[in-house]
Amino acid sequence: MTVARREHFGELLEPGLSEIFYNVYEQIPSMIPEIFSVQSSDKPYEKDLSIGAMGMFRKFTGTVQYDRPYVQYEKIYEFPEYADGFQIERKLYDDEMYGIINRRPADLAEAAVRRREMDAAMVFNYAEAAVAVDPEGNQIPWVGGDGVPLCSDEHPTRSPDGPPKRANLGSLALNHANLQTTKNLMRQFVDDRGNKVAVVPDTLIVGVGLEEIAWELVSSEKKTTLGQSENINNPNIHQGKYKLIVWDYLADDNRWFLADSRYMKRFLKWYNRVPIEFKMEEDFDTLVAKFRAYMRYACGWSDWFWVYGNIPSS
């Protein structure tokens, strides 16, 4: 039987710190499962190929006529590596400074969750931008497979009989009338052949700054018109029609998004290539135990017509 000696203090600490890390990590709320289609991957990258829509369903005239959807755009999801850690000196263990030691895995778990949320929120924080700035300050291309941002008035199509451009970007402030306007615009979405898409807007996504007005819009029995009392007795058409998602990581208090949750879960992707892991290694010469967390993931969108973004000017 192998007896753990005191000089192997890293091995003695690892089980307890690992438990703290995973407990904290799993308990922190995340909006990613609420918004994204979360999947696992065992590949070096994931590729999504969008295919054009089917045409009009035809009347049978004696033989089946076979449609030919056009290949649209390719989306590649690559998996960068993310890693961070902390070190614990032997003397902290000897002096039983467990209050300090136990805070370190908890802080590391919070940092990991924060990074994931920040990366996920970039989909909305840079929804109208062709270039995004990641949490390290690096500029990265931020367009979909069709070559334009998620929310744009320039979405192209490769189908010869389709519309030249399609739009899902506006600049309306969030209020009763503009929510209805945006809903109607989404219901007019057409596919690459110009046929109506069965979009059902049912999810309102806002940041903290719009939480109160958004809650009033989706919950009030009476129409809310920002102080215009002549309409206060009218019923609220929006009551109970939308799921409200308030995301602390949306950086702009003015922007808001209306989404079809069914299509959102189909086209807004999150791939876990390597789920979060927590490991330890002890350095014999320096008397330092090193603990690190590691993960790989990717997120993005494979198509755009699940969402309409309003980005009012400041």
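Guide: Let us start with the names: helices (H or I, at least four residues) and strands (E, at least two) are DSSP runs, numbered from the N terminus. Asparagine 125 is found in one of them, helix H4. What you see is a predicted model, where local features need pLDDT of at least 70, side-chain atom pairs count only at pLDDT 80 or more, and totals for chains, interfaces and linings use all residues. Residues are numbered from 1 along each chain as its sequence is written, and side-chain values use heavy atoms, with hydrogens and water left out.

Visitor: How many helices and strands are there in the protein chain?

Guide: The protein chain has 7 helices and 13 strands.

Visitor: Why is asparagine 125 called buried?

Guide: Buried means under 20% relative accessible area, exposed means over 50%, and partly exposed lies in between (1.4 Å probe, protein chains only). Asparagine 125 has a relative accessible area of 17%, so it counts as buried. Of the 314 residues of the protein chain, 45% count as buried.

Visitor: What does asparagine 125 touch, leaving aside its neighbours within four places in sequence?

Guide: Contact means heavy atoms within 4.5 Å. With those neighbours left aside, asparagine 125 is in contact with Tyr249, Leu250, Ala251, Asp252 and Arg255.

Visitor: What makes the approach of the backbone oxygen of tyrosine 249 to the side chain of asparagine 125 a polar contact?

Guide: A polar contact is a pair of N or O atoms within 3.5 Å; within protein, one must be able to donate a hydrogen and the other to accept it, and residues adjacent in sequence count only if both atoms are side-chain atoms. Here the backbone oxygen of tyrosine 249 lies 3.0 Å from a polar atom of the asparagine 125 side chain.

Visitor: Where is serine 152, and is it buried or exposed?

Guide: Serine 152 sits in the loop between strand E6 (139–141) and strand E7 (169–170). Its relative accessible area is 6%, so serine 152 is buried. A polar atom of its side chain lies 2.9 Å from the backbone nitrogen of glutamate 154. Not counting residues up to four places away in sequence, serine 152 touches Arg166, Ala167, Asn168 and Leu169.

Visitor: What about arginine 166: where is it, and why is it called buried?

Guide: Arginine 166 also has its place in the loop between E6 and E7. At 12% relative accessible area, arginine 166 is buried. Its contacts beyond four places in sequence include Ser152, Glu154, Pro156, Asp192 and Trp304. A polar atom of its side chain lies 3.3 Å from the backbone oxygen of proline 156. Arginine 166 and glutamate 154 are 12 residues apart in sequence, and their C-alpha atoms are 5.9 Å apart in space.

Visitor: How do you know that the count of disulfides is what it is?

Guide: A disulfide is a pair of cysteine sulfur atoms within 2.5 Å, and by this rule the count comes to 0. Cysteine 151, at 1% relative accessibility, counts as buried. Cysteine 299 is buried with a relative accessible area of 17%.

Visitor: What makes E4 and strand E12 (residues 288–301) a pair?

Guide: Two strands pair if DSSP finds at least two bridges between them. E4 and E12 have 9 bridges, in the antiparallel sense. In one of these pairings, glutamate 81 has arginine 296 in E12 as its bridge partner.

Visitor: In what order do the 4 strands of that open sheet stand, and why are two of them called edges?

Guide: The order is E1-E11-E12-E4, with mixed pairing. Strand E1 (37–40) and strand E4 (81–89) each have a single partner strand, so one side of each is left without a neighbour in the sheet.

Visitor: Which strands form the open sheet of 5?

Guide: That sheet runs E7-E13-E10-E8-E9, and its pairing is mixed too. E7 and strand E9 (243–246) stand at the edges, each with a single partner strand, so one side of each lacks a neighbour in the sheet. E7 pairs with strand E13 (residues 307–310) in the parallel sense over 2 bridges, and glycine 170 stands opposite asparagine 310 in E13.

Visitor: What makes a set of residues a nonpolar core, and which have the most contacts inside the largest one?

Guide: A nonpolar core is a set of buried Ala, Val, Leu, Ile, Met, Phe, Trp, Tyr and Cys residues joined through side-chain atoms within 4.5 Å. The largest has 70 residues, and those with the most contacts inside it are Phe36, Phe124, Leu150, Leu174, Leu204, Leu268 and Trp306. Helix H4 (residues 98–125) gives the largest share of this core, 11 residues.
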